[in-house]
Amino acid sequence: MADRAQPVSATSGNIVAAGVAAIIFGALLAVALRAETGRGLGASDWAALRFTILQAGLSALFSVALAIPVARALARRRFAGRRVLIAVLGAPFILPVIVAVLGLIMVFGRAGWLSQILGLAGLPPVQVYGLHGVVLAHVFFNLPLATRLILQGWQEIPGERFRLAAQLGADGWAMFRLIEWPMLRRVVPSILAVIFAICLTSFAVALTLGGGPRATTIELAIYQAFRFDFDLGRAAMLSAVQLGLTVIAGALALWLARGDGFGTGLDRVVRRWDGQAAMPRLLDGAVIALAAGFLLLPLLAMTLSGLPTLLSLPQQVFSAALTSVLVASISTVLLLAMALPMAAAIARGRGGMLELAGILGLAASPLVIGTGLFILIRPWSNPLAWALPVTALVNAITVLPFALRVLVPRARDVVARQGRLAVSLDMQGWPFLRHVLMPRLKAQIGFAAGLAAALSMGDLGVITLFADPDVATLPLQIYRLMGAYQMDSAAGAALLLLVLSFGAFWLLDRGGRAHAEA
Amino acid sequence: MLKLEDCIIRNGTFGLSAHLSVPARSRVAVIGPSGAGKSTLIEAIAGFLSVETGRITWNGTDITDIHPGARPLAMLFQDDNLFPHLSVAQNVGLGIHPNLRLTASERETVDGAIERVGLAGLGNRKPSELSGGQRSRAALARVLVQRCDLLLLDEPFAALGPALRAEMLDLVADLCDETGATLLMISHAPEDARRIADQAILVAEGQAQEPQDTAALLDNPPKVLREYLG
C-alpha cells in the first residue's frame, strides 16, 4: 500500500501523456526517417536559416528595447485606464496572426495610413513586405509580452528600496543605475531568449509578410517544399533543422528563465517618489500613448475597413467561419480531454515525466508535427481528407503546455487540501473528479478552454499544409482573399474572425468564472 | 474492539511503536506532548500512514492493508472537513454515497442528521455561509450518516472558543451514545479529555501506551506529561 492514499489515479493521465508523446515522437521520427540528409542544405536553405535567425534576433531586440521605456512608464505612473491597458497587453496572445497582419498592412502598407500621411508631405509610400515587415509584426505581438514581463520585474522591486533611494535624493539617471538597471540586467536576457524562440517558429507572419528568396524562414521553406515542389524529403530535412533550432533556443530560454514566475499582480502600483517633474511625466505619457497607438491603430484600421463589408461577405467566408468554429470546438474538447487527466495525475506529486510530455508541444513546432503526420498518414489514406481533424489535434497539442500551466497549480492545491477528506469518504476516481476536482477547477478549466478555442480559431499553420482548395478555415480563407487582393473582403472576414476568437475566449473564460465558487 | 498489535508506524524519519487495544463503545482521548506522534497514531488507524510491522484489527478483522475509504471508521481532520463548493446537504450526503446519487429515503436520512445536529433549514447553505461552530456541526452530521463503528477526531474543534468546543464535545458524546460508536480523539486540552473521555492513551517518547483512566493519568501525570501540561 502506498504511504499516501490518493483520490485520483495516475493511470488515465499516464495514458494521455504517453499518447501525446507518441504522436509528437511518431511525427518527429517520420520526419527524421524521411529527411534526405544526403543532399545537405542547399544555398536557399542556408539563406532561410540565416533569415530565420536574423529576423528572430532583430524581433527580440526591438521588442525588448521598446518595451523597457513602456514598462518603466507603466510602472511609475497611475492613470485612468492603466488596468485596462495592462489587460489589453495580454490580448495579443489570443489575437489571430492574420488579423494583426491585415491591420498592420492597412496602417504601414503601400496604401496604408502612414503612406498616405507621407504622401501629403510629398514623400514616397512605405513598404511592409520583407524583413522589416516580418520584424514589425513580431514586435507588434511581442512588445506587449516583453512589456508585461519587464513590468513584472519592476513590480517585484520592494517599495522600501524606492523609498530609500528617494530619501537619498536619487532621481532619474541615479535611480535608474541604482535600482532599475540591476533588475533589468537580471530579467532582460531571459525575455530576449523567450521572444527569440517564439519568433523562430513563427510561420503565419512569414507566410503573409515574408516570402521570396530574401525573406523566407525555415518554416516557410517547409511549407513551400510541401505545397509548391511536393518535395517531402526536403520538407522533412528542413523540419529537422527547425526542430534543432527550436530545441536549442527553448533550452536557452528555459535555462535563462530559471525560477521566474508568471505575470500576476501586475496592476499593483508601487509608490514612487522619482520622476514627478513635468519633463519625465510628459515623456512617460508620450511613451504610453505611442505604444497604445501602435497596438490599437492596426486593429482600428482593420475594423474600419472591415465593418462595411461584413454583411456582404462572400459565401465561402461564412462556410469557412463555420468550419473554424467546428475545428475550434473539437480542439477545445480534445485539449480538455488531454489536459484534465494529466493535470490530475501531475497533482498527485510525482509528475516529472508527465510534465515533460506536457511541454513537448513547445519543442516541436506545429508545422513540423504537421509534416510528420502528413508523412505518416500518406501511405494509407489521403492526407488532405484529414485536414480538419489533424488541425484540431495539432492545435490542442500546441495549447497543452499553456493549459497545464493554468490547471496544475490549482489542481495541486485541491488534491493537497481536500484529498485526504475525499479518500476518507471513499471518493475516488470519477466521483472525486466529478464532485471535487472539476468544480474546484471551473475557473481554470474555463480559461484553458478559452485559450484553446481562441488559438485554434485563429491558427494559420498546419491547415495550410493539408487543405485542398475546397476546404478552408477562416484564417486560411482570409489569406486566400489577401492573395486575391480582395483587401476589403479580407478585412471584413478578419473582423469576423476577431469577434469569433475573442468571443469564444470571453464566453468560455466567463462561463468558468461565473460558476466558480470560493 | 480496536487492536494495534506490535505496530511500528513510520512517518518520514519518525517512528512510533504501538501495542494497545481500545474496547468497543469506549471514549478514549489521545494525549501527549507536541510532536510525540498523536496524529501519526490516528492517521495510521485511518489508513493514511502505512504500518511498517504489526497489524491493526477491528473486532478481529485485519484492516492493516485496507484502503482508507473502505475502513469501518469516520475521521474529522483539524481543518478542511467540508468541501467548500458543495452545500451542507451534499457534504453530508457524501457520507452515504461518494458519488452523491441518493435515494429519497437516503435524502431523508441526510435531512434527519442535519436536523439532529441543530442545522435544520441550513441544508442548502455553502460552508462559507456558516459560522465555525455550524461548520463543525455539519461535519458531525456527516459522521452521523456514515454509521461507522469508530470515530477518529484529530482536533477538529481546535479553532473554536472554549464554550463552543465544550458544546461540540458534548454533541460528539451524545452522538457516540446514540450510534454506539467508539471514539478516539486527540486532545491538547486536559479539560476536554476529562469532559468526555474516561480513558486516555498516552503518546510519548516514541510509544503509544495502553489506555488508562483519564482522571488518574491527569491527576498524577508521569514526568513527560507533567512537563507538557506545565
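This is a predicted model: local features need pLDDT of at least 70, side-chain atom pairs count only at pLDDT 80 or more; totals for chains, interfaces and linings use all residues.
Chain B contains eleven strands and eight helices. Its radius of gyration is 18 Å, close to the 17 Å that the globule rule gives for 230 residues, so chain B is as compact as a globular protein of that length. The C-alpha trace of chain B spans about 50 × 40 × 30 Å along its principal axes. The average pLDDT of chain B is 91, and 100% of the residues score at least 70. Within chain B, confidence is highest in strand 8 (residues 182-186), at a mean of 95, and lowest in helix 8 (residues 223-229), at a mean of 86.

Chain A has 21 helices and zero strands. For 518 residues, a compact globule would have a radius of gyration near 24 Å, and the 24 Å of chain A agrees with that. Taken along the principal axes, the C-alpha atoms of chain A fill a box of roughly 65 × 60 × 50 Å. The pLDDT of chain A averages 86, with 93% of the residues scoring at least 70. One stretch to treat separately is residues 259-265 of chain A, where pLDDT stays under 50. For these residues the model has six contacts beyond four places in sequence.

Two helix pairs in chain A can be followed in detail. Two packed helices are described by the angle between their axes and the distance between the axes. Helix 1 (residues 11-34) of chain A packs against helix 13 (residues 315-347) of chain A at an angle of about 125°, and their axes are 7 Å apart. Helix 1 of chain A and helix 13 of chain A are therefore oblique to each other, and helix 1 of chain A passes helix 13 of chain A in a left-handed crossing. From helix 1 of chain A, the contact uses Ser12(A), Gly13(A), Asn14(A), Val16(A), Ala17(A) and Val20(A). These meet Met338(A), Pro341(A), Met342(A), Ala344(A) and Ala345(A) in helix 13 of chain A. By class, this contact of helix 1 of chain A with helix 13 of chain A has eight nonpolar, three polar and no charged residues.

The second pair is helix 14 (residues 352-363) of chain A and helix 16 (residues 387-424) of chain A, which pack at an angle of about 130° with their axes 7 Å apart. That angle makes helix 14 of chain A oblique to helix 16 of chain A. The crossing of helix 14 of chain A and helix 16 of chain A is left-handed. On the helix 14 side the contact involves Gly358(A), Ile359(A), Gly361(A) and Leu362(A). Their partners in helix 16 of chain A are Ile397(A), Thr398(A), Leu400(A), Pro401(A) and Leu404(A). The residues of this contact of helix 14 of chain A with helix 16 of chain A divide into six nonpolar, three polar and no charged.

Definitions and conventions
Residues are numbered from 1 along each chain as its sequence is written. Chains are lettered from A and ligands numbered from 1 in the order in which they are written. pLDDT is the predictor's confidence in each residue, from 0 to 100. Helices (H or I, at least four residues) and strands (E, at least two) are DSSP runs, numbered from the N terminus. Axes are lines fitted to C-alpha atoms, for helices over the stretch in contact, and angles run from 0 to 180 degrees between N-to-C directions. Angles under 35 degrees count as roughly parallel, over 145 as roughly antiparallel, 65 to 115 as roughly perpendicular and the rest as oblique. A crossing is left-handed if the near helix is turned anticlockwise from the far one by less than a right angle, and right-handed if clockwise. Two residues are in contact if their C-beta atoms, placed from the backbone, lie within 7 Å. Ala, Val, Leu, Ile, Met, Phe, Trp, Tyr, Cys and Pro count as nonpolar, Asp, Glu, Lys and Arg as charged, and the others, Gly among them, as polar. The radius of gyration is taken over C-alpha atoms; the globule rule is 2.2 Å times the number of residues to the power 0.38.
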